[in-house]
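Q: I am new to this structure and would like to go through a few of its residues. Could we begin once it is on display?

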Amino acid sequence: MALLIDPPAWPGRGRLWSHLVSDVSHAELHAFARELGAPERAFDRDHYDVPADLYTRALAQGAEPVSSRELVVRLTAAGLRRRKRYRPR
């Protein structure tokens with residue numbers, strides 16, 4: 001199991017957010033997010049947006065704290081990175 005979470009540093013909707021990913025599979029990520037209590041709507045292509053108040057709980061459940069940069073590097077190396085498609089206006 002290799003679940004990774006970056007520090008809650010991303011602002012939105014009056015809160016700070018972390019990104020939760022798996023460098024093994026999306027199935028592993030979805031199962032962990034369910035246990036954590038993250039709603040399905042928090043999933044965005046390859047990660048879950050997790051509010052700061054769930055960060056400590058994610059660590060207690062086994063997520064590995066990493067920098068945002070390390071999270072992207074490991075997600076990409078695992079072949080699980082799903083980037084937004086560029087759409088010219």
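A: The answers that follow concern a predicted model and take individual residues in turn.

Q: Where is Ser22 placed?
A: Ser22 belongs to strand β3, which covers residues 15-22.

Q: Is Ser22 buried or exposed there?
A: Ser22 has a relative accessible area of 2%. Buried means under 20%, so Ser22 counts as buried.

Q: Which residues does Ser22 touch, leaving out those up to four places away in sequence?
A: With those left out, Ser22 touches Ala2, Leu3, Glu28, Leu29, Leu75 and Leu80.

Q: What polar contact does the side chain of Ser22 make with Glu28?
A: The side chains of Ser22 and Glu28 make a polar contact of 2.3 Å.

Q: Changing topic, which strand holds His47?
A: His47 is in strand β5, which covers residues 47-51.

Q: Why does His47 count as buried?
A: The relative accessibility of His47 is 9%. The cut-off for buried is under 20%, and His47 therefore counts as buried.

Q: What does His47 touch, again leaving out residues up to four places away in sequence?
A: His47 touches His19, Leu20, Val21, Leu29 and Ala42. Leu29 is also among the residues that Ser22 touches.

Q: What joins the side chains of His47 and Asp46?
A: The side chains of His47 and Asp46 are joined by a polar contact of 2.9 Å.

Technical notes. Residues are numbered from 1 along each chain as its sequence is written. This is a predicted model: local features need pLDDT of at least 70, side-chain atom pairs count only at pLDDT 80 or more; totals for chains, interfaces and linings use all residues. Side-chain values use heavy atoms; hydrogens and water are left out. Helices (H or I, at least four residues) and strands (E, at least two) are DSSP runs, numbered from the N terminus. Buried means under 20% relative accessible area, exposed over 50%, partly exposed in between (1.4 Å probe, protein chains only). Contact means heavy atoms within 4.5 Å. A polar contact is a pair of N or O atoms within 3.5 Å; within protein, one must be able to donate a hydrogen and the other to accept it, and residues adjacent in sequence count only if both atoms are side-chain atoms.
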